[in-house]
Amino acid sequence: MMKLWGGRFSKQTHKLMEEFNSSLSFDKRLYSYDIKGSIAHVKMLSRTGVLSKSEAETIIKGLQEIKEEIDEGIISLEGRYEDIHSLVEKNLIDKVGAVGGKLHTARSRNDQVALDTRLYLRDEIFNIQELLIIFLKTLLELGEKYKKVVMPGYTHLQRAQPVSMGHHLLAYYFKLKRDYDRLNDNMKRVNVLPLGCGALAGTTFPIDREWVARELGFEKIALNSIDGVSDRDYIIEFMGIAASIMVHLSRFSAELILWSSSEFSFIELDDSFTTGSSIMPQKKNPDVAELVRGKSGRIFGNLVQLLSLLKGLPLAYNKDMQEDKEALFDTIDNLKIILEIFPPMLKTMKVNKDRLYRAANRGFVNATDLADYLARKGVPFREAHGMVGKAVLYALEKDKELNQITIEEWNQLFPDYGDIFDKGLSEILDVNTSLNNRKSSGGPAPEEVERVISIEREWIESFT
Ligand code: ARG
């Protein structure tokens, strides 16, 4: 094996040990960040006089060539290397000779791997935020498109009060927008330079960490070398946000799955985002939504893995920490594909307006409107609530909806209330009227939804 150590060893490493120990199969994806970090490190060492200008130039040129050769597949990212750091350094020494061995002056793989991971995660957070913005834009468009499409809103999965499909979809807009904000906040902790912490106790060489931070676009440097190499909570935080995104998308998926069932028939997902059954010819299955709901489990699992990995670790670096990367990569890979596939699935779905309207007209979705109507006429709300409950019982008995009860029947039901029931009632009990009247801030009335959309459009357009 091509190792960065070996001086104090008199025996070869066992073949199984080598395989077990190697992280190359997964940390190879960090190669460009590893090289970028090394170049910044070498530039700094030459500025502070630790390396001569010409040594630094030779090393930097060698590193740049290695980057190109890896990009082009001339150097393959496999072989008996302990990790990506060893692969790069070994190739450098092969290319430029012994001077390549000076690259690792004033550095350890412990601060190096922390640097690589932070550079990588920083880029991926930006990528994920970009995907989130596209998602949010899609939801705003759909909110606008369906803002007048009345549907029953639910609590306890029981029909509750009228909302619109647009308002319902926009609920997810706000959940995901908070996740977007959470990533901004996470970035403050990710964008901190660990390089220069060394193995755990800094270095005796004169290094300029502030310069490296500026060179690599970090906002701050880690100010405790032991913390710098042992900190992984910026990853925990990211994985927690990933878990939050997945909770949101899993709930969303569960609704799409329900809504596309024959029992609901609120929506139909497009052929291009569904599959058929090998045995039941009539089936159209919502696989994307089901997979998203299913994958939320592994993304929560990755978070728990990292928490469990760290909880008993004494400071500073321990090899256990090599296990952080696969979980992180898995979360990022899955999250990106999910965020990419969800918006086009939503855009292509058909919304069954008639069915939604009919559903909103059944199941006493307008019961609160009736209670509000009575309350406006001076009946204390609690009393009105009781009256409507009685009316619902009556309607159930007669197999009617509230808006099918005639004025005569109302007067018979509640003879002590004078002429409180008038023609205005049928208007009030119309679900569209009910929707339009729910104009309170943040409410589902189309004009209020429109107002909110225009605020959010302004926010989102600041990104383009
Ligand atoms: N492959 C290691 C990791 O991912 C790199 C750091 C190794 N450090 C060490 N002291 N062996 O954590």
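A polar side-chain atom of Asn110 sits 3.0 Å from a nitrogen atom of the ligand. That is a polar contact, meaning a pair of N or O atoms within 3.5 Å; within protein, one must be able to donate a hydrogen and the other to accept it, and residues adjacent in sequence count only if both atoms are side-chain atoms. The model is predicted: local features need pLDDT of at least 70, side-chain atom pairs count only at pLDDT 80 or more, and totals for chains, interfaces and linings use all residues. Residues are numbered from 1 along each chain as its sequence is written, and side-chain values use heavy atoms, with hydrogens and water left out.

In Lys325, a side-chain N or O atom lies 2.6 Å from an oxygen atom of the ligand. In Asp83, a polar side-chain atom lies 3.5 Å from a nitrogen atom of the ligand. The ligand taken alone exposes 350 Å², and the protein buries 87% of that. These areas come from the Shrake-Rupley method with a 1.4 Å probe; for residues, only the protein chains shown count as cover.

Now look at the whole shell. The ligand is surrounded by Ser23, Asp27, Asp83, His85, Arg109, Asn110, Val113, Tyr317, Gln322 and Lys325. By class, the shell holds 4 charged, 4 polar and 2 nonpolar residues. Helix 6 (residues 109-145) gives the largest share, 3 residues. Helices are DSSP runs (H or I, at least four residues), as are strands (E, at least two), numbered from the N terminus.

Where does the ligand lie relative to the domains? It lies between domain 1 (12-105) and domain 2 (110-148 + 163-358), because both give residues to the shell. The domain assignment of the chain also gives domain 3 (362-454). The C-alpha centres of domain 1 and domain 3 are 73 Å apart. These bounds come from an automatic or database assignment.

UniProt, in an unreviewed entry, annotates residues 7-301 as "domain: Fumarate lyase N-terminal". That span is 61% helix and 6% strand. The unreviewed entry also places "domain: Argininosuccinate lyase C-terminal" at residues 364-436. Here the span is 63% helix and 0% strand, and its end C-alpha atoms lie 17 Å apart.

Finish at Pro444, in the loop between helix 18 (431-437) and helix 19 (446-461). Pro444 has a relative accessible area of 10%, so it is buried (under 20%; exposed is over 50%, partly exposed in between; 1.4 Å probe, protein chains only).

How values were computed:
A residue is near a molecule or strand if one of its heavy atoms lies within 4 Å of it. Ala, Val, Leu, Ile, Met, Phe, Trp, Tyr, Cys and Pro count as nonpolar, Asp, Glu, Lys and Arg as charged, and the others, Gly among them, as polar. UniProt positions are given in the numbering used here, feature names are shortened, and annotations may be inferred rather than shown by experiment.
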